[in-house]
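Subject: Structure handover

Hello,

Please find the structure below. My notes on what was found in it come after.

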Amino acid sequence: MRFICLSLIYVLFLGRDASAELRCPEGSSQFERQEGELRYQWCARPSGEKHGVWVILNQFNHVIEVGWMIEGERHGEWRWRRQDGSLKSVGWYEMGEPVGRWTSWSVNGKIVGAIQHHAAERWPLWLDVDGPRDRQPWV
């Protein structure tokens, strides 16, 4: 299932601009709402439970957040971009819980932060380019 979910995200959103229509999983339909300059698009089941692609677009139709929802929980890789479309951060969820390495980039594309989430630990491990450092709470 993870391969199908992630491949769908990459097919639709490899570039900065979004497809006009999401490809929702069977049993889900596309929904959309506008809030100021942001447009939210997502797939949901008839019950309202989000299930499928979740996207936020800016006024230029650039994707600023994209990920996958399964049974109302964030799951798999999520990407956040700045208003100009440059990559801001990438992280992973496993049924709503942050897992694995999360990385953030500067506007110039330099890694400015990385964090390693472990399922059994309350606070993630902050990473430097050269390796781990002291644990600090996620803020």
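This is a predicted model: local features need pLDDT of at least 70, side-chain atom pairs count only at pLDDT 80 or more; totals for chains, interfaces and linings use all residues.

Residues are numbered from 1 along each chain as its sequence is written, and side-chain values use heavy atoms, with hydrogens and water left out.

Aromatic rings

Two rings of Phe, Tyr or Trp (its six-membered ring) are a pair if their centres lie within 6.5 Å; the pair is stacked if the planes are under 30 degrees apart, edge-to-face if over 60, and tilted otherwise. By this rule there are seven aromatic pairs. One of them is stacked, because phenylalanine 31 and tryptophan 42 have ring centres 6.1 Å apart and planes at 15 degrees. Helices (H or I, at least four residues) and strands (E, at least two) are DSSP runs, numbered from the N terminus. In these terms phenylalanine 31 is in strand 1 (residues 29-35) and tryptophan 42 in strand 2 (residues 38-44), so the pair links distant parts of the chain, 11 residues apart.

For accessibility, buried means under 20% relative accessible area, exposed means over 50%, and partly exposed is in between (1.4 Å probe, protein chains only). Phenylalanine 31 is partly exposed at 36%, and tryptophan 42 is buried at 12%. Tryptophan 42 also pairs with tryptophan 54: the centres are 5.8 Å apart and the planes at 35 degrees, so this pair is tilted. Tryptophan 54 belongs to strand 3 (residues 50-57), so its pairing with tryptophan 42 in strand 2 ties together parts that are 12 residues apart in sequence. Tryptophan 54 is buried, with 10% relative accessibility. Together, Phe31, Tyr40, Trp42 and Trp54 make one aromatic cluster.

A charge sits over a ring if NZ of Lys or CZ of Arg is within 6 Å of the ring centre and within 35 degrees of the ring normal. The charged end of lysine 50 does this at tryptophan 42, 5.6 Å from the ring centre. The charged end of arginine 74 sits over the ring of tryptophan 78, 4.0 Å from its centre.

Nonpolar cores

In soluble globular proteins, nonpolar side chains tend to be buried together. Here a nonpolar core is a set of buried Ala, Val, Leu, Ile, Met, Phe, Trp, Tyr and Cys residues joined through side-chain atoms within 4.5 Å. The largest one has 12 residues: Tyr40, Trp42, Ala44, Trp54, Ile56, Ile64, Met69, Trp78, Trp80, Tyr93, Trp102 and Ile115. Strand 2, strand 3, strand 4 (63-70) and strand 5 (73-81) each give two or more residues to this core. Strand 2 gives the largest share, three residues.

Which residues is tryptophan 80 in contact with, leaving aside its neighbours within four places in sequence? Contact means heavy atoms within 4.5 Å, and the partners are Ile64, Glu65, Arg74, Leu87, Lys88, Ser89, Val90, Gly91, Tyr93 and Trp102. There is also a second, separate core of nine residues, including Leu22, Cys43, Val53 and Val66.

Hairpin

Two strands pair if DSSP finds at least two bridges between them. Strand 1 and strand 2 run antiparallel and are joined by seven bridges. In one of these, glutamate 32 has glutamine 41 in strand 2 as its bridge partner. The two strands form a hairpin with two residues between them, and glycine 36 in the turn has a positive phi of about 65 degrees.

Disulfide

A disulfide is a pair of cysteine sulfur atoms within 2.5 Å. The whole structure has one. Cysteine 24 and cysteine 43 form this disulfide, with sulfur atoms 2.1 Å apart. The torsion about the S-S bond is about -80 degrees, so the disulfide is left-handed. Cysteine 24 is in the loop between helix 1 (2-13) and strand 1, and cysteine 43 is in strand 2, 19 residues apart. Cysteine 24 is partly exposed at 22% relative accessibility, whereas cysteine 43 is buried at 0%.

Asparagine 61, in the loop between strand 3 and strand 4, has a positive phi near 70 degrees. Asparagine 61 is partly exposed at 26%. Glutamate 71, in the loop between strand 4 and strand 5, has a positive phi near 50 degrees. Glutamate 71 is partly exposed at 45%.

Regards
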